[in-house]
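Open the model in your viewer and keep the selection tool at hand. The tour goes from one selection to the next.

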Amino acid sequence: MFSWTSFILTFSSFLLTVTAHYYNSQTSDSPSLSSSSSPEWKSARATYYAEADPRDAVGGACGYGDLERGGYGKATAGLSTVLFEKGQICGACYEVRCVEDLRWCIPGTSIIVTATNFCAPNYGFPADGGGKCNPPNPHFVLPIEIFEKIAIWKASNMPIQYRRIKCRKEGGMRFTINGNGIFLSVLISNVGGAGDLMAVKIKGSRTGWLPMNRNWGQNWHLNADLKNQPLSFEITTSDGLTLTSYNVAPKDWDFGQSFEGKQFES
């Protein structure tokens, strides 16, 4: 026999299920990014370091120097071995959000950080027992000021989700020239788009394009006497895009100087 009471209860249950599914699908992504155009979220964990920690005294393992003056501010991250890719990932941008732990997560929040440092493994501990940055753990170490935008500091080692996004930078790419004699070292920073570099070439007014080698982080080097020549740079990011900035440094450039070039679209 048909029962209106059973029908209404069943239909109400169906509506609750559909509503819950809709809500979860709508809140799973940051409102500023479309899930159809952004990479999927991946799982990791995150910890923080205090402001007095000296780890950024030399700009971290990417060699960016003073992160505040370099335009990176506090929105930076140190990455574990499996994410750091021996420094190639330096400059990449990530969106990070706190998940799973309702006690400590700040609902509806996410942060955008730039990879500027390396979280070294500690093989004195197992990966699942104190070696938070040991392989195969994906792990982010954040300044406490940034960590507290997505979670309460008491959370300490928090489960998070992350995804790569395009970097949005103000101004052009910056080229800081260091070295001595024929040894030329160029730090490339403030890179938009993919953010991390795959290849760099340099050209003087009296040379063709010369490929540079990665020294460490985003410091690239070459042995060549390029003094008294304006310098141009050809930059290729990890997504395969190439951008050329001509005559970035004038003929009378000197070691220790910084110059601004073009910028990738983001």
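Select Tyr48 to begin: Tyr48 is partly exposed, with a relative accessible area of 26%. Buried means under 20% relative accessible area, exposed over 50%, and partly exposed in between (1.4 Å probe, protein chains only). This is a predicted model, in which local features need pLDDT of at least 70, side-chain atom pairs count only at pLDDT 80 or more, and totals for chains, interfaces and linings use all residues. Residues are numbered from 1 along each chain as its sequence is written, and side-chain values use heavy atoms, with hydrogens and water left out.

Next select Phe140 and Tyr162, an aromatic pair that is tilted, with 5.2 Å centre to centre and 50° between the planes. Rings of Phe, Tyr and Trp (its six-membered ring) pair if their centres lie within 6.5 Å; planes under 30 degrees apart count as stacked, over 60 as edge-to-face and the rest as tilted. Phe140 is in strand 5 (residues 139-143) and Tyr162 in strand 6, 22 residues apart. Helices (H or I, at least four residues) and strands (E, at least two) are DSSP runs, numbered from the N terminus. Both Phe140 and Tyr162 are buried.

Then show Arg164, which lies over the face of Tyr94, 5.8 Å from the ring centre. For this, NZ of Lys or CZ of Arg must be within 6 Å of the ring centre and within 35 degrees of the ring normal. Finish at Lys227, which lies over the face of Trp253 at 4.5 Å from the ring centre.
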